[in-house]
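My notes are below, in the order I checked things.

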Amino acid sequence: MTTLLRHLSTAALITAALLTTSTATAQNKQSREGMTYVGLLATGLNHRSVGQNTLETTWSSTGSMVLGTHISDHFHVEVRAGAGTTTGKIDNELELDIEYFASWYIGGHYPVTDYANAYAQFGFSHVQGEASLTPLGKAREADPEDRSPYASLADEYPDSSFSVSWLLGLDFEVIDNGFIMLEGGRLFEDTETGANTFQFSTGFKYEF
């Protein structure tokens with residue numbers, strides 16, 4: 001009986017110590033409300049359903065800057081601006097170039113561990129780009145017996161420059177207030193042609 005009471009007392013003391021440590025850690029965790037963050041991202045763009053008949057897919061890339069504010073411990077707003085770094089080609093006949101884009105988001109984030117957060121955000125993007133025939137595409141288009149199927153797409157891309165955007169992501173705190181970001185979502189959908197572009201990014205942000 002004495003041994004049992006001793007073990008129960010020890011277990012109670014250990015449990016109390018763990019609860020005290022957990023509470024202290026939670027209290028010491030800095031609130032993110034009111035904090036601003038800046039970041040840099042490298043993004044791969046997956047262009048899908050390009051062309052109403054061809055429905056082709058290609059990849060290009062962009063670099064972008066992020067500026068945001070935590071309006072509470074679980075919600076944030078941010079703006080992004082970026083420019084194309086590489087172009088995408090379809091059948092070596094059509095080249096897609098995203099010249100620049102600007103996005104606005106509102107989102108929510110939630111801690112999944114002491115150092116990682118999951119987030120989702122929804123907003124709007126303005127995208128400016130161009131679709132142009134490559135030398136091979138121009139050569140085919142000049143041949144009346146071998147017209148390029150992409151000639152009708154050679155113009156401003158996308159045709160509708162504003163679109164709904166969304167993102168899902170994770171950030172991992174690697175230094176005090178410094179986070180590595182991994183995310184994916186949709187940048188835009190061209191309502192005129194049906195083409196849409198998904199974004200997959202990695203980068204770093206710092207909160208202050």
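These entries go through salt bridges, then aromatic pairs, then charges over rings.

**Ground rules.** I'm working with a predicted model, so I kept local features to pLDDT of at least 70 and side-chain atom pairs to pLDDT 80 or more, while totals for chains, interfaces and linings use all residues. Residues are numbered from 1 along each chain as its sequence is written, and side-chain values use heavy atoms, without hydrogens and water.

**Salt bridges.** I searched the whole structure and got 7 salt bridges, each meaning a side-chain nitrogen of Lys or Arg within 4 Å of a carboxyl oxygen of Asp or Glu.

I looked at glutamate 207 and arginine 32, whose closest N and O atoms are 2.4 Å apart. Glutamate 207 is in strand E10 (residues 196–207), and arginine 32 is in the loop between helix H1 (2–28) and strand E1 (36–50), 175 residues apart. I took helices (H or I, at least four residues) and strands (E, at least two) as DSSP runs, numbered from the N terminus.

Are these two buried or exposed? Glutamate 207 is buried at 1% relative accessibility, and arginine 32 is buried at 12%. My cut-offs: buried is under 20% relative accessible area, exposed is over 50%, and partly exposed is in between (1.4 Å probe, protein chains only).

Next I checked arginine 140 and glutamate 93, a salt bridge at 2.6 Å, N to O. Arginine 140 lies in helix H2 (residues 135–142) and glutamate 93 in the loop between strand E4 (88–90) and strand E5 (94–111), so this pair ties together parts 47 residues apart in sequence. Arginine 140 is partly exposed at 23%, whereas glutamate 93 is buried at 6%. I also noted that salt bridges with shared partners join Arg32, Asp171, Lys205 and Glu207 into one network.

**Aromatic pairs.** I found 4 aromatic pairs. Rings of Phe, Tyr and Trp (its six-membered ring) pair if their centres lie within 6.5 Å; planes under 30 degrees apart are stacked, over 60 edge-to-face, the rest tilted.

One of them is phenylalanine 122 with phenylalanine 124, edge-to-face at 6.0 Å centre to centre and 70° between the planes. Tryptophan 166 and phenylalanine 198 are edge-to-face because their planes stand at 80°, with centres 6.4 Å apart.

**Charges over rings.** I counted NZ of Lys or CZ of Arg within 6 Å of the ring centre and within 35 degrees of the ring normal. The charged end of arginine 48 sits over phenylalanine 198, 4.3 Å from the ring centre. Lysine 205 lies over the face of tyrosine 119, at 5.6 Å from the ring centre.
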